[in-house]
Amino acid sequence: MSALNTAVGKVTLETPGMVASGIMDETGESMVRMLQAGAGAVVSKSIGMEPKAGHANPCFTEVAGGLVNAMGLPGPGIELFKEEMEIATPKGKIVGSIAGGNVSEFITLATKMEEYGACAVELNLSCPHAKGHGMELGTDPALVKEIVSQVKGSVKVPVWVKLTPNTHILPQIALAAQDGGADAVVAINTLKAMVISPEFAKPFLSNKFGGLSGAAVKPVGVRAIYDLYKVVSIPLVGVGGICNWRDAAEYIMAGASAFQVGSAVLTDGPEVFSRINTDLQKFMEEYGYDSIASMRGVANE
Amino acid sequence: MSDHVRIISVTENNYDTKTLEFVTDDEARPGQFYMIWCPGMEEIPMSISKVDGRTRSISVKRIGPDTERIHSLKEGDVLGIRGPYGNGYDLTPGRKYLIIGGGIGTASIMPAVEASGADTIIGARSERDIVLRDRAEKAASNVWYSTDDGSFGFHGNAVQLFREKQAENHYDCVIACGPEVMLYFLHKACVELDVDCQLSLERHMKCGAGVCGCCVMDGSRVCRDGPVFTRDQVSQLKDFGVQKRDECGRIVKFRKG
(Lines give C-alpha, C1' and ligand atoms only; values in the text may rest on other atoms or scores of the structure.)
Protein backbone atom coordinates (compact mmCIF):
# COMPACT_ATOMS: atom_id res chain seq x y z
CA MET A 1 0.00 0.00 0.00
CA SER A 2 1.42 3.41 -0.97
CA ALA A 3 1.86 5.69 2.03
CA LEU A 4 0.23 9.10 2.13
CA ASN A 5 2.15 10.39 5.13
CA THR A 6 4.63 13.14 4.47
CA ALA A 7 6.56 15.85 6.24
CA VAL A 8 7.16 19.53 5.75
CA GLY A 9 10.48 19.79 7.52
CA LYS A 10 9.82 18.88 11.14
CA VAL A 11 6.05 18.92 10.74
CA THR A 12 4.86 15.39 10.01
CA LEU A 13 1.48 14.87 8.36
CA GLU A 14 -0.63 11.70 8.21
CA THR A 15 -2.11 12.88 4.91
CA PRO A 16 -0.55 15.42 2.53
CA GLY A 17 -3.51 17.78 2.10
CA MET A 18 -4.07 20.72 4.44
CA VAL A 19 -6.81 23.31 4.59
CA ALA A 20 -5.51 26.54 3.08
CA SER A 21 -5.75 29.67 5.18
CA GLY A 22 -9.04 31.55 4.89
CA ILE A 23 -11.28 28.54 4.35
CA MET A 24 -13.46 27.30 7.21
CA ASP A 25 -10.77 28.08 9.74
CA GLU A 26 -11.84 31.15 11.68
CA THR A 27 -13.44 29.17 14.50
CA GLY A 28 -12.30 26.24 16.61
CA GLU A 29 -15.28 24.10 15.69
CA SER A 30 -14.87 24.59 11.95
CA MET A 31 -11.17 23.70 12.11
CA VAL A 32 -12.12 20.50 13.96
CA ARG A 33 -14.66 19.71 11.27
CA MET A 34 -12.01 20.04 8.56
CA LEU A 35 -9.58 17.80 10.46
CA GLN A 36 -12.33 15.21 10.76
CA ALA A 37 -12.96 15.49 7.01
CA GLY A 38 -9.46 14.12 6.35
CA ALA A 39 -7.23 17.19 6.24
CA GLY A 40 -3.70 16.40 7.44
CA ALA A 41 -3.59 19.80 9.13
CA VAL A 42 -5.53 23.04 9.08
CA VAL A 43 -3.91 26.37 8.41
CA SER A 44 -5.89 28.89 10.43
CA LYS A 45 -7.44 32.06 9.15
CA SER A 46 -4.73 34.75 9.01
CA ILE A 47 -4.97 36.43 12.38
CA GLY A 48 -3.90 39.99 13.06
CA MET A 49 -3.36 42.03 16.21
CA GLU A 50 -6.86 43.44 16.57
CA PRO A 51 -10.42 42.34 15.81
CA LYS A 52 -11.14 43.22 12.19
CA ALA A 53 -14.37 43.16 10.18
CA GLY A 54 -12.62 42.98 6.81
CA HIS A 55 -13.97 44.65 3.72
CA ALA A 56 -17.67 45.43 3.32
CA ASN A 57 -19.81 43.11 1.20
CA PRO A 58 -19.73 42.39 -1.69
CA CYS A 59 -16.40 40.74 -1.01
CA PHE A 60 -16.82 37.51 -2.96
CA THR A 61 -18.06 36.29 -6.30
CA GLU A 62 -17.83 33.20 -8.45
CA VAL A 63 -16.19 33.55 -11.87
CA ALA A 64 -15.40 31.09 -14.67
CA GLY A 65 -12.89 28.64 -13.23
CA GLY A 66 -12.82 29.99 -9.71
CA LEU A 67 -13.63 32.69 -7.20
CA VAL A 68 -12.61 36.26 -6.62
CA ASN A 69 -12.60 37.44 -3.03
CA ALA A 70 -11.59 40.47 -1.05
CA MET A 71 -12.55 39.41 2.46
CA GLY A 72 -9.91 41.82 3.80
CA LEU A 73 -8.61 39.48 6.52
CA PRO A 74 -11.59 39.54 8.90
CA GLY A 75 -10.85 37.95 12.24
CA PRO A 76 -11.26 38.26 15.99
CA GLY A 77 -7.64 39.29 16.64
CA ILE A 78 -4.90 37.26 18.29
CA GLU A 79 -6.09 37.61 21.91
CA LEU A 80 -9.55 36.14 21.28
CA PHE A 81 -8.20 33.54 18.86
CA LYS A 82 -6.79 31.69 21.86
CA GLU A 83 -10.26 30.24 22.56
CA GLU A 84 -10.56 28.91 19.02
CA MET A 85 -7.11 27.32 19.15
CA GLU A 86 -7.94 25.69 22.48
CA ILE A 87 -10.83 23.90 20.81
CA ALA A 88 -8.91 22.88 17.69
CA THR A 89 -5.36 21.96 18.73
CA PRO A 90 -6.30 18.91 20.84
CA LYS A 91 -7.93 17.43 17.71
CA GLY A 92 -5.06 17.71 15.26
CA LYS A 93 -2.36 19.85 13.75
CA ILE A 94 -3.09 23.54 13.36
CA VAL A 95 -0.72 25.82 11.51
CA GLY A 96 -1.23 29.35 12.81
CA SER A 97 -1.45 31.79 9.93
CA ILE A 98 -0.60 35.33 10.94
CA ALA A 99 -0.85 38.68 9.21
CA GLY A 100 1.15 41.42 10.84
CA GLY A 101 1.71 44.90 9.49
CA ASN A 102 5.37 45.07 10.59
CA VAL A 103 8.17 43.02 12.13
CA SER A 104 7.16 43.51 15.75
CA GLU A 105 3.54 42.55 15.06
CA PHE A 106 4.68 39.37 13.34
CA ILE A 107 6.84 38.52 16.36
CA THR A 108 3.95 39.04 18.79
CA LEU A 109 1.52 37.06 16.63
CA ALA A 110 3.96 34.16 16.12
CA THR A 111 4.77 33.99 19.82
CA LYS A 112 1.07 33.85 20.68
CA MET A 113 0.34 31.19 18.08
CA GLU A 114 3.18 29.06 19.45
CA GLU A 115 1.82 29.53 22.96
CA TYR A 116 -1.66 28.47 21.71
CA GLY A 117 -0.27 25.17 20.43
CA ALA A 118 0.23 25.79 16.70
CA CYS A 119 2.51 23.14 15.16
CA ALA A 120 4.01 25.81 12.90
CA VAL A 121 3.31 29.40 11.93
CA GLU A 122 2.59 30.52 8.39
CA LEU A 123 3.49 34.14 7.67
CA ASN A 124 0.93 35.71 5.36
CA LEU A 125 3.19 37.81 3.15
CA SER A 126 0.89 37.44 0.19
CA CYS A 127 -2.72 38.54 0.71
CA PRO A 128 -3.37 40.83 -2.29
CA HIS A 129 -6.23 42.87 -0.82
CA ALA A 130 -5.38 43.99 2.74
CA LYS A 131 -3.77 47.39 2.91
CA GLY A 132 -0.44 47.48 4.74
CA HIS A 133 -0.39 43.70 5.04
CA GLY A 134 0.30 40.55 3.03
CA MET A 135 1.66 41.15 -0.42
CA GLU A 136 2.51 44.80 0.30
CA LEU A 137 5.24 43.44 2.60
CA GLY A 138 5.90 40.19 0.77
CA THR A 139 7.18 41.61 -2.51
CA ASP A 140 10.25 43.22 -0.93
CA PRO A 141 12.99 40.57 -0.51
CA ALA A 142 14.90 42.56 2.13
CA LEU A 143 11.78 43.03 4.25
CA VAL A 144 10.80 39.37 3.84
CA LYS A 145 14.22 38.29 5.08
CA GLU A 146 14.00 40.70 8.01
CA ILE A 147 10.51 39.54 9.08
CA VAL A 148 11.40 35.85 8.75
CA SER A 149 14.67 36.08 10.63
CA GLN A 150 13.13 38.09 13.47
CA VAL A 151 10.23 35.64 13.79
CA LYS A 152 12.65 32.71 13.65
CA GLY A 153 14.56 34.24 16.53
CA SER A 154 11.38 34.45 18.62
CA VAL A 155 9.71 31.04 18.29
CA LYS A 156 10.74 27.39 18.36
CA VAL A 157 8.01 26.08 16.03
CA PRO A 158 8.76 25.95 12.30
CA VAL A 159 8.14 29.13 10.33
CA TRP A 160 6.49 28.83 6.93
CA VAL A 161 6.22 31.72 4.53
CA LYS A 162 3.27 32.03 2.14
CA LEU A 163 4.20 33.95 -0.98
CA THR A 164 2.35 35.77 -3.70
CA PRO A 165 2.47 35.06 -7.44
CA ASN A 166 1.83 38.77 -8.08
CA THR A 167 5.49 39.49 -8.71
CA HIS A 168 8.17 38.69 -11.26
CA ILE A 169 10.75 38.05 -8.53
CA LEU A 170 9.12 35.13 -6.73
CA PRO A 171 12.39 33.10 -6.74
CA GLN A 172 14.32 35.99 -5.15
CA ILE A 173 11.65 36.40 -2.49
CA ALA A 174 11.71 32.67 -1.72
CA LEU A 175 15.50 32.82 -1.45
CA ALA A 176 15.19 35.79 0.90
CA ALA A 177 12.79 33.75 3.06
CA GLN A 178 15.26 30.85 3.04
CA ASP A 179 18.14 33.17 3.95
CA GLY A 180 16.03 34.48 6.82
CA GLY A 181 15.78 30.93 8.11
CA ALA A 182 12.30 29.93 6.90
CA ASP A 183 11.47 26.24 7.32
CA ALA A 184 9.19 26.07 4.28
CA VAL A 185 7.75 28.14 1.47
CA VAL A 186 4.03 27.96 0.71
CA ALA A 187 2.94 29.06 -2.77
CA ILE A 188 0.76 30.50 -4.12
CA ASN A 189 -1.71 32.97 -2.66
CA THR A 190 -4.43 34.38 -4.92
CA LEU A 191 -3.82 36.34 -8.13
CA LYS A 192 -4.79 39.99 -7.92
CA ALA A 193 -8.01 40.31 -9.90
CA MET A 194 -11.08 42.41 -10.60
CA VAL A 195 -14.69 41.85 -11.64
CA ILE A 196 -16.72 44.68 -13.15
CA SER A 197 -20.50 44.82 -13.22
CA PRO A 198 -21.34 46.18 -16.70
CA GLU A 199 -24.93 46.88 -15.66
CA PHE A 200 -23.75 49.15 -12.86
CA ALA A 201 -20.55 50.27 -14.64
CA LYS A 202 -18.58 49.64 -11.44
CA PRO A 203 -16.20 47.09 -9.93
CA PHE A 204 -18.30 44.44 -8.18
CA LEU A 205 -16.22 44.14 -5.01
CA SER A 206 -16.44 46.91 -2.42
CA ASN A 207 -12.61 46.84 -2.33
CA LYS A 208 -12.64 47.07 -6.16
CA PHE A 209 -9.93 44.40 -6.55
CA GLY A 210 -9.50 41.05 -4.88
CA GLY A 211 -7.76 37.73 -5.38
CA LEU A 212 -8.55 34.98 -7.87
CA SER A 213 -8.42 31.41 -6.62
CA GLY A 214 -9.76 28.06 -7.80
CA ALA A 215 -9.09 25.80 -10.77
CA ALA A 216 -8.07 28.71 -13.00
CA VAL A 217 -4.92 29.45 -10.97
CA LYS A 218 -3.63 25.88 -10.71
CA PRO A 219 -1.22 26.03 -13.68
CA VAL A 220 0.21 29.26 -12.26
CA GLY A 221 0.78 27.60 -8.91
CA VAL A 222 2.30 24.46 -10.40
CA ARG A 223 4.72 26.56 -12.40
CA ALA A 224 5.65 28.54 -9.26
CA ILE A 225 6.43 25.36 -7.30
CA TYR A 226 8.36 23.92 -10.26
CA ASP A 227 10.53 27.04 -10.42
CA LEU A 228 11.00 27.31 -6.66
CA TYR A 229 12.05 23.66 -6.42
CA LYS A 230 15.10 24.50 -8.52
CA VAL A 231 15.97 27.55 -6.45
CA VAL A 232 15.44 26.81 -2.75
CA SER A 233 16.44 23.81 -0.68
CA ILE A 234 13.75 24.11 2.02
CA PRO A 235 10.48 22.17 1.66
CA LEU A 236 7.66 23.56 -0.51
CA VAL A 237 3.94 23.44 0.09
CA GLY A 238 1.81 23.74 -3.05
CA VAL A 239 -1.48 25.59 -3.05
CA GLY A 240 -3.73 27.02 -5.74
CA GLY A 241 -6.71 25.44 -7.46
CA ILE A 242 -6.34 21.88 -6.19
CA CYS A 243 -9.67 20.08 -6.62
CA ASN A 244 -8.69 16.43 -7.14
CA TRP A 245 -5.86 13.86 -6.95
CA ARG A 246 -4.51 14.91 -10.32
CA ASP A 247 -4.02 18.51 -9.26
CA ALA A 248 -2.36 17.32 -6.05
CA ALA A 249 -0.06 14.99 -8.01
CA GLU A 250 0.97 17.85 -10.30
CA TYR A 251 2.04 19.98 -7.36
CA ILE A 252 3.92 17.10 -5.72
CA MET A 253 5.68 16.21 -8.97
CA ALA A 254 6.59 19.89 -9.41
CA GLY A 255 8.32 19.70 -6.03
CA ALA A 256 5.82 20.12 -3.19
CA SER A 257 6.13 17.99 -0.05
CA ALA A 258 2.51 18.67 0.83
CA PHE A 259 -0.38 20.72 -0.49
CA GLN A 260 -3.26 22.89 0.63
CA VAL A 261 -6.84 23.04 -0.60
CA GLY A 262 -9.05 26.09 -0.41
CA SER A 263 -11.63 26.98 -3.03
CA ALA A 264 -12.57 23.35 -3.73
CA VAL A 265 -14.33 23.32 -0.38
CA LEU A 266 -16.96 25.44 -2.19
CA THR A 267 -17.52 23.01 -5.03
CA ASP A 268 -16.89 19.72 -3.25
CA GLY A 269 -17.44 20.46 0.41
CA PRO A 270 -15.13 19.39 3.23
CA GLU A 271 -15.34 15.85 1.82
CA VAL A 272 -12.85 16.92 -0.87
CA PHE A 273 -10.00 15.83 1.42
CA SER A 274 -11.03 12.21 1.84
CA ARG A 275 -11.71 11.95 -1.89
CA ILE A 276 -8.28 13.33 -2.85
CA ASN A 277 -6.59 11.03 -0.31
CA THR A 278 -8.31 7.91 -1.66
CA ASP A 279 -7.78 8.75 -5.33
CA LEU A 280 -4.18 9.89 -4.87
CA GLN A 281 -3.33 6.65 -3.11
CA LYS A 282 -4.93 4.68 -5.95
CA PHE A 283 -2.83 6.57 -8.51
CA MET A 284 0.37 6.06 -6.52
CA GLU A 285 -0.39 2.36 -6.22
CA GLU A 286 -1.00 1.96 -9.95
CA TYR A 287 2.03 4.00 -11.04
CA GLY A 288 4.47 2.59 -8.51
CA TYR A 289 5.06 5.47 -6.10
CA ASP A 290 5.36 4.02 -2.63
CA SER A 291 5.46 7.38 -0.84
CA ILE A 292 4.84 11.08 -1.34
CA ALA A 293 8.61 11.58 -1.06
CA SER A 294 9.19 9.22 -3.99
CA MET A 295 6.91 11.33 -6.16
CA ARG A 296 8.18 14.73 -5.04
CA GLY A 297 9.84 16.78 -7.76
CA VAL A 298 9.99 13.95 -10.29
CA ALA A 299 8.79 16.26 -13.07
CA ASN A 300 12.00 18.25 -12.59
CA GLU A 301 14.27 15.32 -13.38
CA MET B 1 -23.83 32.33 -9.89
CA SER B 2 -23.83 36.07 -10.26
CA ASP B 3 -26.55 37.78 -12.29
CA HIS B 4 -28.21 41.13 -12.83
CA VAL B 5 -31.99 41.26 -13.05
CA ARG B 6 -34.53 43.95 -13.82
CA ILE B 7 -37.25 44.50 -11.24
CA ILE B 8 -40.64 43.86 -12.84
CA SER B 9 -42.79 44.93 -9.91
CA VAL B 10 -42.58 46.47 -6.46
CA THR B 11 -45.42 45.83 -4.01
CA GLU B 12 -45.81 47.53 -0.65
CA ASN B 13 -46.81 44.77 1.76
CA ASN B 14 -47.24 47.02 4.78
CA TYR B 15 -45.71 50.05 6.45
CA ASP B 16 -42.14 48.66 6.45
CA THR B 17 -42.00 45.79 3.96
CA LYS B 18 -41.83 45.70 0.16
CA THR B 19 -41.76 42.78 -2.26
CA LEU B 20 -39.66 43.10 -5.41
CA GLU B 21 -40.24 40.68 -8.28
CA PHE B 22 -37.85 39.75 -11.06
CA VAL B 23 -37.31 36.99 -13.61
CA THR B 24 -34.31 34.69 -13.75
CA ASP B 25 -33.37 31.31 -15.17
CA ASP B 26 -32.01 29.61 -12.06
CA GLU B 27 -33.46 26.54 -10.38
CA ALA B 28 -34.27 28.09 -7.02
CA ARG B 29 -36.06 25.96 -4.43
CA PRO B 30 -38.21 27.04 -1.48
CA GLY B 31 -35.98 28.00 1.46
CA GLN B 32 -32.99 29.18 -0.56
CA PHE B 33 -31.63 32.73 -0.61
CA TYR B 34 -29.80 35.24 -2.78
CA MET B 35 -27.02 37.63 -1.94
CA ILE B 36 -28.50 40.98 -3.04
CA TRP B 37 -26.57 44.04 -4.07
CA CYS B 38 -26.70 47.30 -5.96
CA PRO B 39 -24.42 50.33 -5.72
CA GLY B 40 -25.00 52.27 -2.51
CA MET B 41 -25.42 49.30 -0.21
CA GLU B 42 -23.58 46.36 1.29
CA GLU B 43 -24.47 43.03 -0.23
CA ILE B 44 -26.87 41.13 2.07
CA PRO B 45 -28.57 37.73 2.09
CA MET B 46 -32.30 37.72 1.33
CA SER B 47 -34.70 34.79 1.44
CA ILE B 48 -36.45 34.03 -1.82
CA SER B 49 -40.12 34.81 -1.18
CA LYS B 50 -41.52 33.52 -4.47
CA VAL B 51 -40.58 30.67 -6.80
CA ASP B 52 -43.17 30.67 -9.60
CA GLY B 53 -41.85 29.42 -12.93
CA ARG B 54 -39.08 31.89 -13.76
CA THR B 55 -40.48 34.57 -11.46
CA ARG B 56 -38.75 35.19 -8.13
CA SER B 57 -39.23 37.73 -5.44
CA ILE B 58 -37.60 39.00 -2.28
CA SER B 59 -39.62 40.59 0.51
CA VAL B 60 -37.62 43.17 2.35
CA LYS B 61 -38.33 44.69 5.75
CA ARG B 62 -36.75 48.10 6.22
CA ILE B 63 -34.38 47.76 9.17
CA GLY B 64 -31.26 49.73 8.17
CA PRO B 65 -29.41 51.53 5.39
CA ASP B 66 -29.10 48.51 3.08
CA THR B 67 -32.77 47.54 3.21
CA GLU B 68 -33.61 51.26 2.90
CA ARG B 69 -31.59 51.26 -0.34
CA ILE B 70 -33.52 48.25 -1.64
CA HIS B 71 -36.76 50.05 -0.77
CA SER B 72 -35.69 52.97 -2.97
CA LEU B 73 -35.66 50.72 -6.06
CA LYS B 74 -38.46 51.03 -8.61
CA GLU B 75 -39.89 48.84 -11.34
CA GLY B 76 -37.34 48.70 -14.18
CA ASP B 77 -34.32 49.20 -11.89
CA VAL B 78 -31.49 46.67 -11.92
CA LEU B 79 -30.57 44.45 -9.00
CA GLY B 80 -27.46 42.29 -8.58
CA ILE B 81 -28.17 38.77 -7.35
CA ARG B 82 -25.81 35.92 -6.44
CA GLY B 83 -27.17 32.48 -5.86
CA PRO B 84 -29.49 30.82 -5.24
CA TYR B 85 -27.59 29.52 -2.24
CA GLY B 86 -28.43 27.21 0.65
CA ASN B 87 -30.13 23.85 0.90
CA GLY B 88 -33.80 24.83 1.13
CA TYR B 89 -36.73 23.01 2.73
CA ASP B 90 -37.35 19.34 2.15
CA LEU B 91 -40.96 18.96 1.03
CA THR B 92 -41.14 15.18 0.63
CA PRO B 93 -44.68 14.32 -0.51
CA GLY B 94 -46.88 12.24 1.76
CA ARG B 95 -45.89 13.99 4.98
CA LYS B 96 -48.25 16.26 6.85
CA TYR B 97 -46.54 19.63 7.20
CA LEU B 98 -47.30 22.66 9.31
CA ILE B 99 -45.50 25.77 8.11
CA ILE B 100 -44.76 28.67 10.46
CA GLY B 101 -43.52 32.13 9.57
CA GLY B 102 -42.59 34.62 12.28
CA GLY B 103 -42.44 38.28 11.25
CA ILE B 104 -40.41 38.79 8.09
CA GLY B 105 -39.47 35.08 8.30
CA THR B 106 -42.79 34.64 6.51
CA ALA B 107 -40.92 35.62 3.32
CA SER B 108 -38.75 32.49 3.53
CA ILE B 109 -41.59 30.03 4.11
CA MET B 110 -44.02 31.43 1.51
CA PRO B 111 -42.61 29.44 -1.46
CA ALA B 112 -42.95 26.28 0.66
CA VAL B 113 -46.55 27.20 1.46
CA GLU B 114 -47.26 27.71 -2.24
CA ALA B 115 -45.48 24.52 -3.27
CA SER B 116 -47.22 22.33 -0.67
CA GLY B 117 -50.54 23.99 0.23
CA ALA B 118 -49.82 22.94 3.81
CA ASP B 119 -51.48 24.44 6.88
CA THR B 120 -49.78 27.66 7.87
CA ILE B 121 -49.29 29.84 10.92
CA ILE B 122 -48.17 33.43 10.55
CA GLY B 123 -46.99 35.06 13.74
CA ALA B 124 -46.33 38.78 14.14
CA ARG B 125 -46.02 41.45 16.78
CA SER B 126 -49.20 43.14 15.68
CA GLU B 127 -51.74 43.00 12.85
CA ARG B 128 -49.83 45.63 10.87
CA ASP B 129 -46.70 43.45 10.91
CA ILE B 130 -48.35 40.52 9.14
CA VAL B 131 -47.04 40.19 5.57
CA LEU B 132 -47.95 38.09 2.52
CA ARG B 133 -51.32 37.22 4.04
CA ASP B 134 -53.14 37.20 0.68
CA ARG B 135 -50.74 34.66 -0.80
CA ALA B 136 -50.89 32.42 2.25
CA GLU B 137 -54.68 32.42 2.21
CA LYS B 138 -54.74 31.56 -1.49
CA ALA B 139 -52.28 28.67 -1.22
CA ALA B 140 -52.65 27.09 2.23
CA SER B 141 -55.39 24.68 3.30
CA ASN B 142 -55.71 26.62 6.56
CA VAL B 143 -54.04 29.82 7.72
CA TRP B 144 -53.96 30.85 11.36
CA TYR B 145 -52.51 34.01 12.81
CA SER B 146 -50.98 34.92 16.12
CA THR B 147 -50.12 38.41 17.28
CA ASP B 148 -48.24 39.32 20.43
CA ASP B 149 -50.67 42.16 21.19
CA GLY B 150 -53.80 40.26 20.22
CA SER B 151 -54.72 42.77 17.52
CA PHE B 152 -55.42 39.93 15.06
CA GLY B 153 -55.97 36.19 15.40
CA PHE B 154 -54.67 34.25 18.39
CA HIS B 155 -53.44 36.48 21.24
CA GLY B 156 -49.98 35.13 21.97
CA ASN B 157 -46.97 33.83 20.12
CA ALA B 158 -46.66 31.42 17.22
CA VAL B 159 -45.22 28.63 19.39
CA GLN B 160 -48.23 28.68 21.72
CA LEU B 161 -50.53 28.53 18.71
CA PHE B 162 -48.44 25.69 17.26
CA ARG B 163 -48.97 23.65 20.43
CA GLU B 164 -52.75 24.02 20.05
CA LYS B 165 -52.75 23.08 16.38
CA GLN B 166 -50.37 20.18 16.87
CA ALA B 167 -52.67 18.72 19.54
CA GLU B 168 -55.61 18.98 17.12
CA ASN B 169 -53.98 17.90 13.86
CA HIS B 170 -50.88 15.77 14.62
CA TYR B 171 -48.49 17.08 11.97
CA ASP B 172 -45.48 15.00 10.88
CA CYS B 173 -43.14 17.91 10.37
CA VAL B 174 -42.94 21.63 11.11
CA ILE B 175 -41.21 24.02 8.73
CA ALA B 176 -40.38 27.41 10.16
CA CYS B 177 -38.48 30.65 9.75
CA GLY B 178 -38.54 33.57 12.14
CA PRO B 179 -36.63 35.25 14.94
CA GLU B 180 -34.18 32.92 16.68
CA VAL B 181 -36.01 33.25 19.99
CA MET B 182 -39.18 31.93 18.31
CA LEU B 183 -37.27 29.10 16.65
CA TYR B 184 -35.56 28.27 19.94
CA PHE B 185 -38.85 27.70 21.75
CA LEU B 186 -40.38 26.05 18.70
CA HIS B 187 -37.50 23.58 18.60
CA LYS B 188 -37.96 22.86 22.30
CA ALA B 189 -41.66 22.22 21.71
CA CYS B 190 -40.92 19.93 18.75
CA VAL B 191 -38.47 17.88 20.80
CA GLU B 192 -40.94 17.68 23.68
CA LEU B 193 -43.86 16.65 21.43
CA ASP B 194 -41.59 14.47 19.24
CA VAL B 195 -42.47 16.25 16.00
CA ASP B 196 -39.88 16.52 13.24
CA CYS B 197 -38.94 20.03 12.15
CA GLN B 198 -36.90 22.05 9.66
CA LEU B 199 -35.79 25.46 10.86
CA SER B 200 -34.26 28.18 8.70
CA LEU B 201 -31.50 29.95 10.64
CA GLU B 202 -29.60 33.18 10.12
CA ARG B 203 -26.03 34.36 10.75
CA HIS B 204 -23.78 37.15 9.46
CA MET B 205 -22.66 36.14 5.97
CA LYS B 206 -19.87 37.23 3.70
CA CYS B 207 -19.33 34.79 0.82
CA GLY B 208 -22.74 33.10 1.08
CA ALA B 209 -21.35 30.11 -0.77
CA GLY B 210 -19.67 28.00 1.91
CA VAL B 211 -16.06 29.06 1.59
CA CYS B 212 -15.18 31.70 4.14
CA GLY B 213 -16.73 30.20 7.25
CA CYS B 214 -17.96 33.55 8.62
CA CYS B 215 -21.51 32.27 9.22
CA VAL B 216 -20.65 29.06 11.03
CA MET B 217 -22.69 27.82 13.98
CA ASP B 218 -20.30 25.42 15.68
CA GLY B 219 -18.76 23.83 12.57
CA SER B 220 -21.83 24.12 10.33
CA ARG B 221 -22.02 26.76 7.62
CA VAL B 222 -25.44 28.41 7.74
CA CYS B 223 -25.05 29.51 4.10
CA ARG B 224 -24.15 26.10 2.70
CA ASP B 225 -24.97 23.31 5.18
CA GLY B 226 -28.14 25.31 5.97
CA PRO B 227 -29.84 27.68 6.25
CA VAL B 228 -32.41 24.94 6.89
CA PHE B 229 -31.47 22.50 9.66
CA THR B 230 -33.39 19.46 10.89
CA ARG B 231 -34.51 18.95 14.46
CA ASP B 232 -31.59 16.64 15.24
CA GLN B 233 -29.06 18.95 13.59
CA VAL B 234 -30.39 21.90 15.58
CA SER B 235 -30.18 19.83 18.78
CA GLN B 236 -26.43 19.48 18.13
CA LEU B 237 -25.85 23.20 17.51
CA LYS B 238 -24.46 24.59 20.76
CA ASP B 239 -24.62 28.13 19.37
CA PHE B 240 -28.36 27.93 18.64
CA GLY B 241 -30.32 30.35 20.81
CA VAL B 242 -27.16 31.09 22.80
CA GLN B 243 -24.64 33.03 20.74
CA LYS B 244 -23.64 34.29 17.32
CA ARG B 245 -20.47 35.71 15.80
CA ASP B 246 -20.07 39.30 14.69
CA GLU B 247 -18.41 40.44 11.45
CA CYS B 248 -14.96 40.00 13.07
CA GLY B 249 -15.77 36.44 14.14
CA ARG B 250 -16.09 37.41 17.81
CA ILE B 251 -18.64 35.59 19.93
CA VAL B 252 -21.69 37.65 20.89
CA LYS B 253 -23.95 36.12 23.56
CA PHE B 254 -27.70 36.53 23.21
CA ARG B 255 -29.47 38.20 26.08
CA LYS B 256 -30.69 35.69 28.63
CA GLY B 257 -34.33 35.19 29.55
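In chain B of this predicted model, strands β1 (residues 2–12) and β2 (residues 17–23) pair in the antiparallel sense over five bridges. Strands here are DSSP runs of E with at least two residues, helices are runs of H or I with at least four, and both are numbered from the N terminus; two strands pair if DSSP finds at least two bridges between them. Within this part of chain B, B:T11 stands opposite B:T19 in β2(B).

The two strands belong to an open sheet of seven, which runs β4-β3-β7-β1-β2-β6-β5 in chain B with antiparallel pairing. At its edges lie β4 (44–47) and β5 (50–52) of chain B, each pairing on one side only. On average, neighbouring strands of the sheet are turned by 35 degrees against each other, direction ignored. Helix α2 (residues 106–116) of chain B packs on the sheet and touches β4, β5 and β6 (55–61) of chain B. The direction of α2(B) makes about 25 degrees with that of β5(B); axes are lines fitted to C-alpha atoms, for helices over the stretch in contact, and angles run from 0 to 180 degrees between N-to-C directions.

Turning to the interface, 34 residues of chain A are in contact with 27 residues of chain B, contact meaning that C-beta atoms placed from the backbone lie within 7 Å. On the side of chain A that touches chain B, α1 (28–36), β5 (60–63), β6 (66–69) and α9 (264–268) of chain A each supply at least two residues. The largest share, four residues, comes from α1(A).

Residues are numbered from 1 along each chain as its sequence is written, and chains are lettered from A and ligands numbered from 1 in the order in which they are written. For this predicted model, local features need pLDDT of at least 70 and side-chain atom pairs count only at pLDDT 80 or more, while totals for chains, interfaces and linings use all residues.

Conventions:
Two residues are in contact if their C-beta atoms, placed from the backbone, lie within 7 Å.
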